[in-house]
Number of protein chains: 2
Amino acid sequence: MAVQTIRWDNGSLIIIDQTLLPTQYSEIALDTVEQVWHAIKTLKVRGAPAIGVSAAFGLLVALREKRPGSREAALRELHIAADYLATSRPTAVNLFWALDRMRGVADASPAGEDAAGLFRRLEEEALRICEEDRKVCRAIGEHGAPLIAEGAGVLTHCNAGGLATVDYGTALAVMFRAHELGRTFQVFADETRPLLQGARLTAWELMRAGIDVTLICDNTAAQVMREGKIQLVIVGADRIAANGDTANKIGTYNVALIAHAHNIPFYVAAPFSTFDRTLPDGSGIPIELRDPAEVTRGFGSQTAPDQVKVYSPAFDVTPARLIAGIITEKAVLYPPFTESISRWL
Amino acid sequence: MAVQTIRWDNGSLIIIDQTLLPTQYSEIALDTVEQVWHAIKTLKVRGAPAIGVSAAFGLLVALREKRPGSREAALRELHIAADYLATSRPTAVNLFWALDRMRGVADASPAGEDAAGLFRRLEEEALRICEEDRKVCRAIGEHGAPLIAEGAGVLTHCNAGGLATVDYGTALAVMFRAHELGRTFQVFADETRPLLQGARLTAWELMRAGIDVTLICDNTAAQVMREGKIQLVIVGADRIAANGDTANKIGTYNVALIAHAHNIPFYVAAPFSTFDRTLPDGSGIPIELRDPAEVTRGFGSQTAPDQVKVYSPAFDVTPARLIAGIITEKAVLYPPFTESISRWL
């Protein structure tokens, strides 16, 4: 039974507040566009695909809230809200992809339509994005599952699970599908500092699905690999450049390097909406810097000296040469990625 | 002004309770051998050299506590206490080294001596170990300081500072000495999960010394290296095998691999008491497993699901081939380490 990370319930946007997991499961309604922005910014909802879907619904929330009287007023409000939501998190390209798709539908709507008609049209599009995400995640699971051999050990970083999408995940979709097919394997989940999405979310999702999961600190990955416990790595992505360079949660590049040193294949699982072909390589991907307090007082008590300098990038970029394959909804892409990405996009 | 991690004050063993740093600076007296064992086990005092010195004084605490009436009774109590203290942490070889040194002095003491005479003899030896540690740390600083070039970025993991020794450190001694020599450089300190010795202790010590330090999560090291901010890595050691393989805090091997991938030299700083020539290589070093709760509830609140499986080795072993040099009190040793270690020991 998959989680329902985001749902559009009778005109209300309902999300699981992921900052409270795993000790508390709580759904919250987002009734204003500020609440949507804040939920994305503070990682109540996170994961590149889930951010995209939330933002699409966020535009509907804005229209509900502002009650524009005409198509023109609605278009104006929509673009204001889209510009605003785009500032919530700069790295996840799915955010811009979903907002642009909604803008496109709005701009192409018939000139004579009223605000209510435009709203219905946009609601259909957001629901379509949501439904597509479901299907895409299942297709990723289908394509990736054969990579997990019987008895394998799989390492993952951060959370690219149902909680990072509408309901089934990207990297974890591969594991969910392998599990559904009856395969037995073991997952090692990096806890993923500073916000511990691996400990809080990935461990929770995998345990819930009945998959054997062991939590490790991020710095333990090399030791676990050296002990022969890992046969492959699968992670998600926040943005993938045209050459395959992949931005994902900070620490992914660490994992890719140490996997490479142990000759362990490193896979990225992501939908095509995560690809950004406007960027030839990863050097142009903006890297969000997070609040130092997430590192120094992340979990209730202060764990570093007052006034200490902190460097806390939210993401890093794994160069394509360290990636064995990219598991998408259409196929597993293999190097050279510039060619395989062009071919499939 | 160096910290005083351990002192023998008028027959009392006084340590800084490092579990309370950086928010609280508190000295505690250890009045029973159980308190000494517990202080080592729970990392109130930690760091291989500091554990050794604490254990040496711990034997005096045991004799104070048990008040043996004769040399024979004192010898008996001493060996019981030494066997007991040896169980506190299995990886740090300095623990066994210091205990064996104290046992040797006791066993070699004149047969006609009374318990008080034996105590004085052992007290002198413990104070000698303590004083040697001071000198050794300063010599390590002296030998290592030329490795830090003006303007360099240095990455360190865990805490191999004054708090890991009597008062000046091993890896941090190199930085303290370079700073005393007027060199300007920048340190990046891994926070070092699960117990955050980097965040809590290394950042505190370096800030206190006026050295420019930036705290990063363990998983951020590769990104910082990629940005060109790091010119060398210096870490401590808990045990070094005859071939140079080095056990140190979990995550050290991660750092060594990613430094290697970026062509950044990786140095170990440790006194000769950390070498264990009975082990031909690192495969025989016992690796202590820590309590899962340190990972799942380390900061005051629960950060992982109930009943999650956790794998938390306290140490890993960095193979000698990844080590550019070992900074000791006599010289910087270079590969091949089997030869250089033999030559200097």
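Start with contacts in chain A (contact means heavy atoms within 4.5 Å). Among those between residues at least 6 apart in sequence, 76% join residues at least 24 apart.

Now some ground rules. This is a predicted model, where local features need pLDDT of at least 70 and side-chain atom pairs count only at pLDDT 80 or more, while totals for chains, interfaces and linings use all residues. Residues are numbered from 1 along each chain as its sequence is written, chains are lettered from A in the order in which they are written, and side-chain values use heavy atoms, leaving out hydrogens and water.

Next, the fold. Chain A has eleven helices and 15 strands. Those are DSSP runs: H or I over at least four residues for helices, E over at least two for strands. The radius of gyration, taken over C-alpha atoms, is 20 Å for chain A, close to the 20 Å from the globule rule for 345 residues, so the chain is as compact as a globular protein of that length. That rule is 2.2 Å times the number of residues to the power 0.38.

What share of chain A is buried? Buried residues make up 64% of the 345. Buried means under 20% relative accessible area, with a 1.4 Å probe and protein chains only.

Methods. Buried < 20%, exposed > 50% of the residue type's maximum accessible area, 1.4 Å probe, protein only.
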